[in-house]
Amino acid sequence: MIHLTRDKVDDTYVVYHEVAHQWFYGQLGNDQQREPWLDEGFSDFGARYLMGIGENGCSTRPVNSEVFDWEADRTTGGDWTSCDGYFHAVFYQGTEFLNAVRAAMGDDAFFRAMRRWVAQNRHGFTTGSRLLGHLTDSTDTDLEPIFDAYLVDYVVRIAPEPPSASRKIL
Ligand SMILES: [Zn+2]
């Protein structure tokens, strides 16, 4: 179920972004306040990928910033518009980060890894450290320079395959 204000119903980006949320937090849960990039970054990436448009990140803030890193304003919800605001840092820069990982891994390996990530975590709870471990484990390419460029205080946790991994993975 998606709620949109009237002036957004014909905004293709917003519709695609909100549909992507049916996966990235809807099917794969995450802490939306501590690690908003896990759902907003992927939803921005999904919308832009489908629309064939690139990221327009200009932020210098880490992609894995918390919601609390921006002061909330009583009426506006805080900084959503400047380069170092929440939107640019987590959404746009999130897409830039994911595209950098995708370029380093190659499309096949990246999307195969993401399909496995969704299959293994559907209706579960995801964390950034487990996602970084999963991506690291899915390629021979050294992703750490990309992690260093976009993330702060991150942990790469390579987890054992969950019991449900024996399911058929598409
Ligand atoms: Zn969103």
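A residue is called buried when its relative accessible area is under 20%, exposed when it is over 50%, and partly exposed in between, with a 1.4 Å probe and protein chains only. By this criterion His17 and Glu40 are both buried. The model is predicted, so local features need pLDDT of at least 70 and side-chain atom pairs count only at pLDDT 80 or more, while totals for chains, interfaces and linings use all residues. Residues are numbered from 1 along each chain as its sequence is written, and side-chain values use heavy atoms, with hydrogens and water left out.

The zinc ion is coordinated by His17 (NE2), His21 (NE2) and Glu40 (OE) at 1.9 to 2.0 Å; donors are N, O and S atoms within 2.8 Å of the metal (3.2 Å for Na, K and Ca), and sites may look incomplete because water is not among the atoms. Along the chain the donors follow the spacing H-x3-H-x18-E. His17 in helix α1 (residues 12-20) and Glu40 in helix α2 lie 23 residues apart, a pair that links distant parts of the chain. Helices (H or I, at least four residues) and strands (E, at least two) are DSSP runs, numbered from the N terminus.

Helix α2 (residues 37-51) also packs against helix α5 (residues 128-137), at an angle of about 55° and with the axes 11 Å apart. Axes are lines fitted to C-alpha atoms, for helices over the stretch in contact, and angles run from 0 to 180 degrees between N-to-C directions. The two helices, α2 and α5, are therefore oblique to each other; angles under 35 degrees count as roughly parallel, over 145 as roughly antiparallel, 65 to 115 as roughly perpendicular and the rest as oblique. Trp37, Leu38 and Phe42 of α2 meet Gly128, Leu131 and Leu132 of α5, where contact means heavy atoms within 4.5 Å.

A further pairing joins α3 and α4, whose axes come within 6 Å and cross at roughly 120°. That makes α3 oblique to α4. On the α3 side, Leu98, Val101, Arg102 and Met105 meet Asp107, Ala109, Phe110, Phe111 and Ala113 of α4. The buried residues of α4 include Ala109, Phe110, Phe111 and Ala113, and the elements covering its buried residues include β1 (28-29), α2, α3 (86-105), β2 (124-125) and α5.

Asp140 is found in the loop between α5 and α6 (144-150) and is exposed, with a relative accessible area of 85%.
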